[in-house]
Amino acid sequence: MELTECIAARKSVREFKRKPVEKEKLQQIVRAALFAPTGMHLYESLHLSVLASHEAVDRFSALVREQTGDARADPAHGAGALIIVSGKRPELPVEYANAACMIENMLLAATDLKLGSLYVHGAINSMRGSEQETAFRALLNLPAEFTPLGSVAIGYCTDDFRPRKQPKNAETGINFIY
Ligand SMILES: Cc1cc2nc3c(=O)[nH]c(=O)nc-3n(C[C@H](O)[C@H](O)[C@H](O)COP(=O)(O)O)c2cc1C
């Protein structure tokens, strides 16, 4: 897909098919994250965990249901994969900015592969300090110095990936200064 078309075709998908995402496609998407800009080149400050099957994503969703007490919570909406971006410096805004740059690259790479995608932030951050945090970290096999910051859900969907004619956002103010 041409870049401007891909940007316009990306949208949040909240209904995924129960169809696994091929490992090669996940590898392509993860690779896109590595091309993201990163503050002060602190690449070693970031870590990616790939829940690469429906079963692994389901384990995450079960933890979220336990944590929220909401038996219907489904933060990944049945996606076939969830890629979690973690950082060593969660107290610094730049770490979230770094994670977001990686996530946007992965959202676009998924769109280019005609896979649905969703930025999943809330459920990841609500794990921090919760009773389920240890189990969550164990599920990710996450090295101790990293804190999960955000994630992207990826999977097959019924979307046709036609570029939107107009952005959903018609509200953000823009002014040009010369
Ligand atoms: C930083 C950030 C956090 C988000 N967190 C969530 C989330 O936790 N759950 C969710 O369903 N969508 C989440 N979204 C998706 C937004 O709701 C979505 O991007 C927005 O409504 C615009 O719609 P679009 O992505 O289809 O253009 C998040 C998006 C961003 C950029």
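Colleague: Where does His41 lie?

Modeller: His41 lies in the loop between α2 (23–34) and β1. Helices (H or I, at least four residues) and strands (E, at least two) are DSSP runs, numbered from the N terminus. This is a predicted model, in which local features need pLDDT of at least 70, side-chain atom pairs count only at pLDDT 80 or more, and totals for chains, interfaces and linings use all residues. Residues are numbered from 1 along each chain as its sequence is written, and side-chain values use heavy atoms, with hydrogens and water left out.

Colleague: Why does His41 count as exposed?

Modeller: The relative accessibility of His41 is 59%, and therefore His41 counts as exposed. Buried means under 20% relative accessible area, exposed over 50%, and partly exposed in between (1.4 Å probe, protein chains only).

Colleague: Why does His77 count as partly exposed?

Modeller: His77, found in the loop between α3 and β2, has a relative accessibility of 24%, so His77 counts as partly exposed. His77 also has a positive phi near 55°, in a residue other than glycine.

Colleague: Why does Ser117 count as buried?

Modeller: Ser117 lies in strand β3 (residues 116–120). Its relative accessibility is 2%, so Ser117 counts as buried. Leaving aside neighbours within four places in sequence, Ser117 is in contact (heavy atoms within 4.5 Å) with residues including Phe16, Leu107 and Val152.

Colleague: How do you know that the span of helix α3 agrees with what it should be?

Modeller: The expected span is 1.5 Å times one less than the number of residues. The 15 residues of α3 (residues 54–68) should therefore span 21 Å, and the end C-alpha atoms are 21 Å apart, which agrees.

Colleague: Why are α3 and α6 called roughly antiparallel?

Modeller: Their axes come within 10 Å and cross at roughly 170°. Axes are lines fitted to C-alpha atoms, for helices over the stretch in contact, and angles run from 0 to 180 degrees between N-to-C directions. Angles under 35 degrees count as roughly parallel, over 145 as roughly antiparallel, 65 to 115 as roughly perpendicular and the rest as oblique. The two helices are therefore roughly antiparallel.

Colleague: What makes the aromatic pair of Phe60 and Phe136 tilted?

Modeller: Rings of Phe, Tyr and Trp (its six-membered ring) pair if their centres lie within 6.5 Å; planes under 30 degrees apart count as stacked, over 60 as edge-to-face and the rest as tilted. Phe60 and Phe136 are 5.5 Å apart centre to centre, with 45° between the planes, and the pair is tilted. Phe60 lies in helix α3 and Phe136 in helix α6, so the pair ties together parts 76 residues apart in sequence.
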